[in-house]
Amino acid sequence: MRRRRAVFVGLVLALLATAVCSLCVGALQIPPADVWAALIGQAGEARYESVLWNLRIPRMLLGFMVGGALAAAGGLMQGLFRNPLADPALIGASSGGALGAVFVIVMAGTFFPDLPLLSDLRILPLASFAGALIVTWLVQRLAATGGYTAVATLLLVGVAVNALTGAMIGFATYLADDAQLRTLSFWTLGSLGAADWQVVSLAAPFCLALIFLAPIWATVLNALALGEAEAGHLGFRVERTKAILIVLTAAGVGASVAFTGIILFVGLVVPHLIRAMIGPDHRWLLPGSALLGAILLVLSDTLARTIVSPAELPIGILTAGFGAPFFLYMLLRQRRKALWT
Amino acid sequence: MIRAEGLSFRVGEISLVESAHMGVTKGEVVALLGPNGAGKSTLLKLLCGQLSPNEGQVFFENKPLAEWEPRELARRRAVLPQSSTVPFDFTALEIVLLGRSPHGDASRCEDMAREAMAQTECAHLAERIVTSLSGGEMQRVQLARVLVQIDWAVERSPRCLMLDEPISNLDPGHQHGALRVAAKLAEKGVGVLVVLHDLNLAAQYADRLLLMKQGRIVVEGTPAEVITEEQIGAVFDIRVKVIRNPTCDAPAVFVESSV
C-alpha cells in the first residue's frame, strides 16, 4: 500500500521533470527560467515563445498522450488476452491502424486527388481506428478459443498483418516521389515530428478515452486472470466487457498510429515494469502504465531529437532498440513457465 | 434450489448429455460420479450456465438461469471449474479476495479471506505468488475463493456451490479437509454439487449420489442405495466388493485386481 503510493508519487514527479526537460532541451536550448516566463506570457525572447508554443508544447503533449495510450493499451490487452506477451504492435493492431491510414493516404493521393474528404487530416485517426479495430477483433476471434488465448496464434496473426502492412507501405513507397519517401518511413519507425495543435486536438479524444476510461473495467480484468468462465461466475458480463475494451484499445492505438506511426514495444515493456514495481492489480497497473508510458515516450523523443541534432532520429529506433532485447528476455522466461502450449 | 429439466447437449452427432433430470436442494451435498467421458463436467457446465443446452432448461430458485442478473446470481452461487492457470503474479490473498467482487467489498474483507484460507488449510500461503504454488496448493486457494464468495453472502438465503473435481490434486488429508468444508457449508443451508472420482469419499461426505454413464444419469439415491456391487460394477465396468466403512456409517468400495 505504502509502496504503491510511493511509486505513484515518484511517477508524477518524474512526469513533471520529463516535461521540463523536454521543453528545455533541443536544437535551441531554453533555460528553465525562460520556459516558465514563456508559459506565463512574459518571454524574454520572442523566438523562445514561438519554439515553445508552436513546436515543443504540442509535441510534448502528443508524446504524453501517445505514450500513455500505448502503455495502457498494452496492459489492457495483456489482461484481456490473459497473456503477458500481448502488445498492440506485436499482435498487429498498430499495423492495422497504419494500414488504415496509409490506405487512405494512397487512395487520396493516387486515385482521388480531388476528393477533399480523403485528404482531410481528420479522416486519418478514424481510418486508423477502423484498421486497428478490425485487426484486434480478428486476433480475438482467431486466437481465443474457450476462454483461452493461444500465444502462437496471437503472434502469427501479428506476423500476417505486419506483412500486409509492409506490402501496402511498399506499394505506397513505389508510387511516392522523393519528398514523400521520407515521410513514409514515419509509419514504420514512428516519429512525434508531425505534432502541432491540430494533431494534438485530433488525437486527444481517442487517447484520453483509453487512458481515463480503461481503469473502469480494472476489476473485470483482475477477475479475467482466473479465466473467462471464472470471471463470468463472479458475475461479470465478460463478452460485453471484452467488446468495450477492444474498441477502447483500438481507439487509443489507432489514433496514436495515425499521427506518430508505429512505435514498437512501449505497450509490451511498460506494463511489465509497473507489475514488477506494484504488482498485477489492474486498478493500479493501468494508470501506472499510462504514467510511465508517457514519461518514457517523451524522454525517448527528447533523446531522439537531440543526439543527432539538428537532424532527428525516428523514435521507433530507440524504443525497438530497448524493447526488442527485453522481449527476448521475456520469451526465455515464459518458456520456463510453459505458457506456450 | 437448482433444478434441471430434460437437459441435452450435443456436439455435432455426439450426445454428451442426454435428457438429464436432476436437482440439488438446500443443505445437501450431491456428488456427481461416473467414468471418464460420462458427461459429468459437461452437466456441471450446463447447470452453471457456462454452456447452453440444446434442449431443456436449468432453474435456480425456480427462475430460469438466463433470467438472473449475473451479479445477483454470483452473490448466491459460486462455481469452481477444474483448475486453470493464472497468467500474472497475484498473491494467493488477492486471488481469494476476487471472490468478493460480486459483493463489491473486497477492500474490507481481508480478515474474512484469511479465515476462509484457514478453513481450506492454506492460510500460510496468503502472501505467496500464485504462479509459484503447486496444483494442490492452488486448489485450496481457489476453494477459499469460492468460500468467501458465498459463505459470507449478504443474503443468507438460498446459496449454492458447484465444484468440478475440487480435490483432484490434493493429498488424502487435504481431500478430507476440503470435503469437510463442503459438508459444513451444507449444514449452513448451502446446496453443494460436487464432481468426484473417489467413490469412498463420495459415500462418506455426500447425502445423495448421481451416477452418470454415456451422458445419462443412470442411478440416483443415497450412498447406500447407489453403491452396490451390481450398479458400480455395471457403470464402471469393473468387479467390486462393497463393505461397510469401519470409520463411519457409509459403504466402501474395493475393486478386484483381476477382471
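This is a predicted model: local features need pLDDT of at least 70, side-chain atom pairs count only at pLDDT 80 or more; totals for chains, interfaces and linings use all residues.
**Exercise 1. Is A:S191 buried or exposed?**

*Solution.* 
Step 1: Find the residue in the chain. A:S191 sits in the loop that runs between α8 (178–189) and α9 (197–213) of chain A.
Step 2: Check its accessibility. The relative accessible area of A:S191 is 16%, and the cut-off for buried is under 20%, so A:S191 counts as buried.
Step 3: Look at the side chain. It reaches the backbone nitrogen of A:G193 at 2.8 Å.
Step 4: List the partners from further along the sequence. Setting aside residues up to four places away, A:S191 touches A:F186, A:F259, A:T260, A:E312 and A:I315.

**Exercise 2. Describe the setting of A:Y48 in chain A.**

*Solution.* 
Step 1: Start with the secondary structure. A:Y48 belongs to helix α3 of chain A, which covers residues 46–80.
Step 2: Turn to accessibility. A:Y48 has 9% relative accessibility and is therefore counted as buried.
Step 3: Look for contacts beyond four places in sequence. Here A:Y48 meets A:L28, A:Q29, A:I30, A:P31 and A:D34.
Step 4: Take one of these partners and compare sequence with space. A:L28 and A:Y48 are separated by 20 residues in sequence, and their C-alpha atoms are 8.4 Å apart.

**Exercise 3. How many residues does each domain of chain B bring to the contact between domain 1 and domain 2?**

Once you have the counts, work out what the side of domain 1 is made of.

*Solution.* 
Step 1: Locate the domains. In chain B, the assignment gives domain 1 as 2–76 + 156–228 and domain 2 as 85–149. Their C-alpha centres lie 23 Å apart.
Step 2: Count the residues that meet. Domain 1 of chain B brings 16 residues and domain 2 of chain B brings 14.
Step 3: Consider the area. The two domains of chain B bury about 1200 Å² between them, with 59% of it on carbon and sulfur atoms. On the side of domain 1, B:R75, B:H174 and B:V181 lose the most area to domain 2, together 34% of what that side buries.
Step 4: Trace the side of domain 1 to its elements. α2 (70–76), β7 (160–164) and α6 (172–187) of chain B each supply at least two of its residues. The largest share, five residues, comes from α6(B).
Step 5: Sort that side by class. It has nine nonpolar, four polar and three charged residues.

**Exercise 4. Which residues form the salt bridge between chain B and chain A?**

*Solution.* 
Step 1: Begin with the counts. Chain B contributes 27 residues to the contact and chain A contributes 21.
Step 2: About 2000 Å² is buried between chain B and chain A, 65% of it on carbon and sulfur atoms. In chain B, the residues that lose the most area to chain A are B:P87, B:F88 and B:F90, together 30% of what that side buries.
Step 3: Find the salt bridge. The rule finds one across this interface: B:E69 pairs with A:R237, and their closest N and O atoms are 3.2 Å apart.
Step 4: Name the elements. α2, β6 (77–80), α3 (92–97) and α5 (135–150) of chain B each supply at least two residues of the side that touches chain A.
Step 5: Finish with the classes. That side of chain B holds twelve nonpolar, nine polar and six charged residues.

Conventions: Residues are numbered from 1 along each chain as its sequence is written. Chains are lettered from A and ligands numbered from 1 in the order in which they are written. Side-chain values use heavy atoms; hydrogens and water are left out. Domain bounds come from an automatic or database domain assignment. Contact means heavy atoms within 4.5 Å. Buried area is the accessible area (1.4 Å probe) that two parts lose on being put together, summed over both. Helices (H or I, at least four residues) and strands (E, at least two) are DSSP runs, numbered from the N terminus. Ala, Val, Leu, Ile, Met, Phe, Trp, Tyr, Cys and Pro count as nonpolar, Asp, Glu, Lys and Arg as charged, and the others, Gly among them, as polar. A salt bridge is a side-chain nitrogen of Lys or Arg within 4 Å of a carboxyl oxygen of Asp or Glu. Buried means under 20% relative accessible area, exposed over 50%, partly exposed in between (1.4 Å probe, protein chains only). A polar contact is a pair of N or O atoms within 3.5 Å; within protein, one must be able to donate a hydrogen and the other to accept it, and residues adjacent in sequence count only if both atoms are side-chain atoms.
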